[in-house]
Amino acid sequence: MKFTEEQYQTIVEMFEKVNDEYNMGFLNPNIVTFFQDKLYKEFGNVLYFVEDWQTITAFANPLTREWAHDKFVEKEKKYYWNSIKTNSSGHHSRLFKVESGNVTSYSRAEPADNISEDEQLTESEIREWGYNPDMFDREEVQ
């Protein structure tokens, strides 16, 4: 099963919280039951613990976390985000990421052929900066 980025983050944060609050390190024999109970409350029947437990423990283990993320977390698709409405000059705005990591927009008359990587953004990136994806036409990056 592939996990979403949100599920991955929830699992990692949940394990860190359990570890900090209850001093239940990864090798504590009680962690499996305790962690399964917490995950069941969070996800319900979405996770099949018998099949997914190895992946979940790989997310929880700091030594295997990065490897497990690369292997078991679904990659978010990237898009080009053009505003649906035009500005007063009749141009559409396009979102892009600046060097600081912020997402902002600029106006362009027509999409150019030389689109740069800083214009390839995921939906979570634009939401993080307060943009509503419904206000944009998105074109999937190939």
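## Helix H4 and its buried face

In helix H4, which spans residues 65–72, the residues Arg65, Ala68, His69 and Phe72 are buried. Viewed down the axis of H4, these buried residues fall within an arc of 105 degrees, so they line one face of the helix. The model described here is a predicted one.

## Overall composition

The protein chain contains five helices and four strands. Read from the N terminus, its elements follow the order α-α-α-α-β-β-β-α-β. Of the 142 residues in the protein chain, 34% are buried.

Contacts can also be considered by separation along the sequence. Among contacts in the protein chain between residues at least 6 apart in sequence, 52% join residues at least 24 apart.

In soluble globular proteins, nonpolar side chains tend to be buried together. In this model, the largest nonpolar core comprises 14 residues. Phe3, Ile11, Leu39, Ile56 and Phe59 have the most contacts inside this core. Two or more residues are given to the core by each of helix H1 (5–22), helix H2 (31–43), helix H3 (49–60) and H4.

Another core lies apart from the largest one and has seven residues. Tyr79, Trp81, Leu95 and Leu121 are among them.

## Pairing of the strands

Strand E1 (residues 79–86) and strand E4 (residues 136–140) run antiparallel and are joined by five bridges. Within this pairing, tyrosine 80 has glutamate 139 in E4 as its bridge partner.

E1 also pairs with strand E2 (residues 92–97), in the antiparallel sense, over two bridges. Here asparagine 82 stands opposite arginine 94 in E2. E1 and E2 form a hairpin with five residues between them. In the turn of the hairpin, glycine 90 has a positive phi of about 85 degrees.

## Aromatic pairs

A pair of aromatic rings is described by the distance of the centres and the angle of the planes. The structure holds six aromatic pairs. One of these involves tyrosine 8 and phenylalanine 59: the ring centres are 4.9 Å apart and the planes stand at 85 degrees, so the pair is edge-to-face. Tyrosine 8 belongs to helix H1 and phenylalanine 59 to helix H3, and the pair thus links distant parts of the chain, 51 residues apart. Both tyrosine 8 and phenylalanine 59 are buried.

Tryptophan 81 and phenylalanine 136 form an edge-to-face pair as well, with 6.5 Å from centre to centre and 90 degrees between the planes. Because tryptophan 81 lies in strand E1 and phenylalanine 136 in strand E4, the pair ties together parts that are 55 residues apart in sequence. Tryptophan 81 and phenylalanine 136 are both buried. Ring pairs link Trp81 and Phe136 with Tyr79 and Tyr131 into a cluster. Over the ring of tyrosine 79 sits the charged end of arginine 138, 4.6 Å from the ring centre.

## Glutamate 42 in helix H2

Glutamate 42 is a residue of helix H2.

Glutamate 42 touches Thr10 and Met14, when residues up to four places away in sequence are not counted. Glutamate 42 and glutamine 7 are 35 residues apart in sequence, and their C-alpha atoms are 9.5 Å apart in space.

Technical notes. Residues are numbered from 1 along each chain as its sequence is written. This is a predicted model: local features need pLDDT of at least 70, side-chain atom pairs count only at pLDDT 80 or more; totals for chains, interfaces and linings use all residues. Side-chain values use heavy atoms; hydrogens and water are left out. Buried means under 20% relative accessible area, exposed over 50%, partly exposed in between (1.4 Å probe, protein chains only). The arc is that of the directions from the helix axis to the C-beta atoms. Two strands pair if DSSP finds at least two bridges between them. A nonpolar core is a set of buried Ala, Val, Leu, Ile, Met, Phe, Trp, Tyr and Cys residues joined through side-chain atoms within 4.5 Å. Rings of Phe, Tyr and Trp (its six-membered ring) pair if their centres lie within 6.5 Å; planes under 30 degrees apart count as stacked, over 60 as edge-to-face and the rest as tilted. A charge sits over a ring if NZ of Lys or CZ of Arg is within 6 Å of the ring centre and within 35 degrees of the ring normal. Contact means heavy atoms within 4.5 Å.
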